[in-house]
Amino acid sequence: MSSLTQWMDRAWYPAYGANWDDELFRRRLLERIGPDSVCLDYGAGRGNVRQMNFRGIARHVAGIDPEPAVFQNPFLDEAEVFDVALNRIPHVDGRFDVVFADNVMEHVADPVLALREIRRVLKPGGRFLAKTPNKWHYMPTIARATPTGFHRFYNRLRGRATVDTFPTLYRCNTAADVAAHAAAAGLAVRRIERIEGRPEYLRLFALTYLVGFAYERVVNAAHWLEPLRCVLVFELERPS
């Protein structure tokens, strides 16, 4: 990153740090997770995102992922590999107070089946919270038009590890889709947010950063432009 882009960070986004969206999601989760909570990290991965560490805050944190790398995740008390083709969470009914998914829902092929399984393992009154890209933001729009190899190349330019770059589908990535899939799965929508912050994907160069800065200012200027904001955070509840 050049000295000019570093100056832009300081001048335009002094309150933003690395993984600011994960920090925001963590705050939402801490509204629901307490010392008696039993939690499930849905798509926990190898534990690259320190903001998703709730050990010592929750009573028990389980995690599932399609990849065996989940057994390396230091944030979990319990880890399991699950078969996404079967779409069966390897836990008993009604076990969890909170299920959460950080940048996972964009990869899910059948959101209704996934949400039905999440509903099954939630206790009555339990919550599912997810953070995922908003489909109508420019980043997912470009991602849908380009192959996974390009995504790995671009993440390499950004200094991100490419080993965890997976194909994206964006089938549960708009407010309307979330509401429809939740209703079909028997879950109630409690909150949907769309947030635009520092333009992470355009911070490579000063010129692209300027474009991202202008976009951020525009879509945050009016409520009716909210569907074009980057980060989608939603909270669903299993009715009591």
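**Before selecting anything**

The model is predicted: local features need pLDDT of at least 70, side-chain atom pairs count only at pLDDT 80 or more, and totals for chains, interfaces and linings use all residues. Residues are numbered from 1 along each chain as its sequence is written, and side-chain values use heavy atoms, with hydrogens and water left out.

**The whole chain**

Display the protein chain as a cartoon. Seven helices and seven strands make up its secondary structure; helices (H or I, at least four residues) and strands (E, at least two) are DSSP runs, numbered from the N terminus. In sequence order the pattern is α-α-β-β-β-β-α-β-α-α-α-β-α-β. The radius of gyration is 18 Å, close to the 18 Å that the globule rule gives for 240 residues, so the chain is as compact as a globular protein of that length. That radius is taken over C-alpha atoms, and the rule is 2.2 Å times the number of residues to the power 0.38. Along the principal axes, the C-alpha atoms fill a box of roughly 50 × 40 × 35 Å.

The protein chain exposes about 11400 Å², of which carbon and sulfur atoms supply 57%; areas come from the Shrake-Rupley method with a 1.4 Å probe, and for residues only the protein chains shown count as cover. Of the 240 residues, 50% count as buried. Buried means under 20% relative accessible area, exposed over 50%, and partly exposed in between (1.4 Å probe, protein chains only). Among contacts (heavy atoms within 4.5 Å) between residues at least 6 apart in sequence, 71% join residues at least 24 apart.

Select residues 96-102, which form strand β4; six of its seven residues are buried. Two strands pair if DSSP finds at least two bridges between them. Within this pairing, Leu40 stands opposite Val99 of β4.

**Helix α2**

Which residues of α2 are buried? Select Trp20, Asp21, Asp22, Leu24, Phe25, Arg26, Arg28 and Leu29 to see them. These are eight of the eleven residues of α2, so the helix is largely enclosed by the rest of the structure. The cover over them includes β4, β5, β6 (188-195) and β7 (231-237).

Centre the view on Arg28, which lies in α2 (residues 20-30). Arg28 has a relative accessible area of 15% and is therefore buried. Leaving aside residues up to four places away in sequence, Arg28 touches Leu129, Arg191, Glu193 and Val233.

**Two loop residues**

Most residues other than glycine have a negative phi. Select Asn19, in the loop between α1 (3-12) and α2; its phi is positive, near 60 degrees. Is Asn87, the next stop, buried or exposed? Asn87 sits in the loop between β3 (78-81) and β4, and its phi is also positive, at about 55 degrees. With a relative accessible area of 13%, Asn87 is buried, whereas Asn19, at 28%, counts as partly exposed.
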